[in-house]
Amino acid sequence: MISILHTADWHLGKRLGAISRIEEQKIVLDEICTIADTRAVDAVVIAGDIFDTFNPPTEAIELLYATLKRLSNKGARPVIVIAGNHDSPDRIEAPNPLARDNGIIFIGNPVSTYITGTSETAFKIRNSSNSFIEIACASGQLLRIITAPFANEHRLQQAFMHDKDTEMVSFITEYWHTIANSYCDTQGVNILVGHHLCLPIGESTIHEPDDEKPIQAISTLLPPSTIPPHIQYVALGHLHRYQKVHSQPPIVYSGSPLAYSFSEAMQKKNVVLVSLEPNSHAEITPIELQSPLMLITKTFHSCNDAIEWLAENQNCYVELTIVSDTYLKPAYVQKLHQTHAGIVSIIPIVSNTQQSSTPQESNQNKSMEELFEDYFMSKKNGQKPSDEIKLLFKRILAQ
Ligand SMILES: [Mn+2]
């Protein structure tokens, strides 16, 4: 049996408004290292968005290297890291000459071929070709991995010198099936690690997290049918909520270890433990992380209620909405911040305006067209925009 720890979307160096998350990232990565040790996993896969930006702060780079070194257990345990859409593919691969003897394998580009042969690790890279590595674990068991770091269509076309007329989904399907047919059999365990969007069957859209650069528009949505039958588990990154989008083989987003935006408020965060035997179904156990601070959105109708609640709920980040008859006084805003260090933003809603006597409903679920209509009506004393104006707005939006 091979056990694998699957995690993703660490976004090291990410901030929440003005607040640095690096201390929380240290705590949660420490927790992940402890899980890898206590569960004695054979390998770790990190499915992209390691950093939050192409050029991460040094404290984020240091934290990554220190954590990977611990995870690799002095080279005894392979740690496979792929790039996400937030990572620079070449930078992710750059430390490979140093990382290799520590058991850490960085794959940044969609068609990277990793070097095989001797290293100082307890496991061996037995075989490698484009987008594929085969690892003989210290126990002798074979782990085959198809690697699919993030690639937009431009990058894919460059990498494969792909002819524009072939549809990308069928091209990728055939590419992965060819790899699996060549290298994946029932003598070992076969997985795919990727950073892309995979739609659950029967769904036509998927909600990407706030703050995520949307990849839906520029990249291909890859349905479960792209996965070759040899593959026993698909470890994905990109979506920040833990979710299984397909059951056989399991296609799983581990989610991020911390809530990174208020759209993730109250989400439980996990890593995924995967147990695999050759030629059988994967067993999946999500393990809830204990350390993350909650992100909470709260609405109050009086400043005093808000202050009372804030005083009692210190260990969280808050997006505060205050509904009141008059504009918020600066002294009140100051008092709110003095009561709680984790206030990320304060949204004042003044209910006593000329147009309406009720608080405006939240804008979060409205489309651009609906928001435009609201805005137009607020400026034109309730008059709706004509079809001609709505069409003009759509044209501008499309450009
Ligand atoms: Mn991503």
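How many residues lie between E12 and E13 in their hairpin? I began my notes with this question, and I record that the model is a predicted one.

**Entry 1: the hairpin**

I looked up the two strands and found that E12 and E13 form a hairpin with four residues between them. Strand E12 covers residues 243-246 and strand E13 covers residues 251-253; the two run antiparallel and are joined by three bridges.

**Entry 2**

I recorded Val 234 in E11 as the bridge partner of Leu 192.

**Entry 2: a sheet of three strands**

I turned to another open sheet, in which three strands stand in the order E16-E17-E18 with parallel pairing. Its edges are strand E16 (294-300) and strand E18 (343-350); each has a single partner strand, so one side of each is left without a neighbour in the sheet. From one strand to the next, the twist averages 10°.

I checked the pairing of E16 with strand E17 (residues 316-324) and counted seven bridges in the parallel sense. Lys 298 stands opposite Leu 320 in E17. Helix H7 (residues 303-312) lies across E16 and E17, and I noted that H7 runs at about 155° to E16.

**Entry 3: helices H7 and H8**

Which residues of H7 and H8 meet? I first recorded the geometry of the pair: H7 and helix H8 (residues 330-339) pack at an angle of about 15°, and their axes are 9 Å apart. This angle makes H7 roughly parallel to H8, because angles under 35 degrees count as such. The crossing of the two helices is right-handed.

I then listed the residues: from H7, Cys 303, Ala 306, Ile 307, Leu 310 and Ala 311 meet Tyr 332, Lys 335, Leu 336 and Thr 339 of H8.

**Entry 4: helices H9 and H10**

I looked up a further helix pair, H9 (residues 368-379) and H10 (residues 387-398). These helices pack at an angle of about 130°, with axes 11 Å apart. That angle makes H9 oblique to H10. The crossing of H9 and H10 is right-handed.

On the side of H9, the contact is made by Met 368, Glu 369 and Phe 372; on the side of H10, by Lys 390, Phe 393, Lys 394 and Leu 397. I sorted the residues of this contact into four nonpolar, no polar and three charged.

**Entry 5: Ser 3**

Is Ser 3 buried, exposed or partly exposed? I located Ser 3 in strand E1 (residues 2-7). I found 16 other C-beta atoms within 10 Å of Ser 3, so the residue is partly exposed; 20 or more would be needed for a buried residue, and 12 or fewer for an exposed one.

I also asked what Ser 3 touches beyond its neighbours within four places in sequence. The residues in contact are Arg 39, Val 41, Asp 42, Leu 273, Val 274 and Ser 275. For Ser 3 and Val 41, which are 38 residues apart along the chain, I noted a C-alpha separation of 5.0 Å.

**Entry 6: the whole chain**

The chain has ten helices and 18 strands, and 37% of its 399 residues count as buried. Among contacts between residues at least 6 apart in sequence, I recorded that 67% join residues at least 24 apart.

Key
Residues numbered from 1 in each chain as written. Predicted model: local features only at pLDDT ≥ 70, side-chain atom pairs only at ≥ 80, totals over all residues. Axes fitted to C-alpha atoms, helices over the stretch in contact; angles between N-to-C directions. Parallel < 35°, antiparallel > 145°, perpendicular 65-115°, else oblique. Left-handed = near helix turned anticlockwise from the far one by under 90°. Contact = placed C-beta atoms within 7 Å. Nonpolar A, V, L, I, M, F, W, Y, C, P; charged D, E, K, R; others polar. Pairing = 2+ DSSP bridges.
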